Each structure stands twice: as C-alpha cells, then as structure tokens.
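I opened this structure with a notebook beside me. These are my entries, in the order I looked things up.

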Amino acid sequence: MVGFPSLFGGDDERDDLFDDYDEYVPEHLPEPGPFVAAQQVLTGETHVAFHEVTRAVFEERTVYDMTFNYNLAKLNLDTRHPNAGYRYAVESADGRSSDEAVLRAEFTPTTPFCPQSNTLTLGSFRAWNGLSEYHEYDIVRVRLHPMHHQSASINERLAELEAEYRETGTVTDAIDESAGTNTAPSTDRAAGYDPNAPF
C-alpha cells in the first residue's frame, strides 16, 4: 500500500519509529488487560512467533489500520504508540475440554474513542480463525480492551461471532459491520461524523 504522511509527524516507514518483527520489546506493548492477564500471557519468543503469524494472516486478509496505513500487526512495533496493539495468552483448560487449544487476543486501541476498533477486532477474529491453518490453535478468541468507550457492545458482537464459529467451524465474512454494533446512532454519527473515517 502507498504510504501517506502521518499526522503524528514523520514517515510511517522510518526504521527508527518501529521495532523489528523479531524483537520482543515489552515497554512498547500494552499491558495485558483483563481478558488475557489471568491466562498464560505470551512473552519473548512465543509472543514474537505468534505475532509473525498475525502479520501474515492480517496481510492476507487486509486487516489494515487506515489511520496509519499499515498492517495492524505493525501497531505493536510502533514506538509512537507503546500502549496500543495486541497481547496474546494461551487459555487455561478450566471449564472446557483440555484437548482444545485456545488463544486469547486482546486489542488495545490508540485512543478510548478509536472509530476503527469494531472493524479491526472483527477483522482480526475473521483473519485468525478463517486462516486457522497458519497456527496451532482451534480458536483465537478476540476482545477489545475495556478502555474503549464501546468495548461492551463490540465484545458482545465478538462473543456472538465466536459462538457461531464454534457451532459451524466456519467464519462468515461481514457485509458491513464497520458502522458499529449499536442500532442507535452513536453520538459521533448523530453529529455527522463517519465512524469509518480515519480521524
């Protein structure tokens, strides 16, 4: 994709703004949130290995952050946003069959009002589970960090997608879920702002 200048200064492709994909730099990652913190959080090489999978499936399914015009996996490497991106954890077997391999992924957006959070988390779920041959997990469960103002409704939709996937074993592509999960217009939409706009 052709890049465009970032509103935050500089060029998105400058090497000094990004960690390498093969690096694990905890100070440039969000703290594990409530969906992953009590599980076996991936760190070091295990985090790096799954994040390489993430990069590949997001590229194939075009899960791109339109604000920064890059593969969403690159957000974890963006030193300008050290508290944003994905954290991963292997889910413990409590309450489910021990032969099911489950990974949890929690997305922390750059801001509590990020208009792309719905689209990005749903797209992430579809990418990881629609391309399950890329990894060793039976399902990748996705949630949005509760710091986002619409996390409850978005996480409810993610839970519905998860239930559908467990029942059918397939991931359906959305016609248009990018407008949000609420049927009532949000404050932004009521004010005339497009929820799909990058700003």
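**Entry 1: one threonine**

I began with T108, which is buried, with a relative accessible area of 7%. That falls under the 20% cut-off, so T108 counts as buried. I am working from a predicted model. I found T108 in strand 5. Next I listed its contacts, leaving aside neighbours within four places in sequence. T108 touches P30, N83, A84, G85, H145 and M147.

Strand 5 and strand 6 run parallel, and 6 bridges join them. I also saw that E106 stands opposite R143 in strand 6. As a reminder to myself, strands of a sheet pair through backbone hydrogen bonds, either parallel or antiparallel.

How many residues of strand 6 are buried? I found 6 of its 6 buried, so to speak a mostly covered strand. I139, R141 and R143 point one way. V140, V142 and L144 point the other way. All of these are buried. In a regular strand the side chains alternate between the two faces of the sheet.

**Entry 2: helices on the sheet**

The buried residues of helix 3 include I154, L158, L161 and Y165. What do the buried residues of helix 3 pack against? They pack against helix 2 and strand 6. G169 follows helix 3, and its phi is positive, near 75°.

**Entry 3: aromatic rings**

I searched the whole structure for aromatic pairs and got 12. I wrote down two of them.

- F68 and Y70 have ring centres 5.6 Å apart and planes at 25°, so I logged this pair as stacked. Both residues are buried.
- F125 and Y165 have ring centres 6.1 Å apart and planes at 90°, so I logged this pair as edge-to-face. F125 lies in helix 2 and Y165 in helix 3 (residues 151-168), so the pair ties together parts that are 40 residues apart in sequence. F125 and Y165 are both buried.

I also marked one aromatic cluster, formed by F50, F58, Y86, Y88, F107, W128 and Y137.

**Entry 4: charges over rings**

Last, I checked for charges sitting over rings. R55 lies over the face of Y21, 3.8 Å from the ring centre. The charged end of R104 sits over the ring of F35, at 4.6 Å from its centre.

Terms used. Residues numbered from 1 in each chain as written. Predicted model: local features only at pLDDT ≥ 70, side-chain atom pairs only at ≥ 80, totals over all residues. Heavy atoms only, no water. Phe/Tyr/Trp six-rings, centres within 6.5 Å; stacked < 30°, edge-to-face > 60°. Buried < 20%, exposed > 50% of the residue type's maximum accessible area, 1.4 Å probe, protein only. Helix = DSSP H or I, 4+ residues; strand = E, 2+ residues; numbered from the N terminus. Lys NZ or Arg CZ within 6 Å of the ring centre and 35° of its normal. Contact = heavy atoms within 4.5 Å. Pairing = 2+ DSSP bridges.
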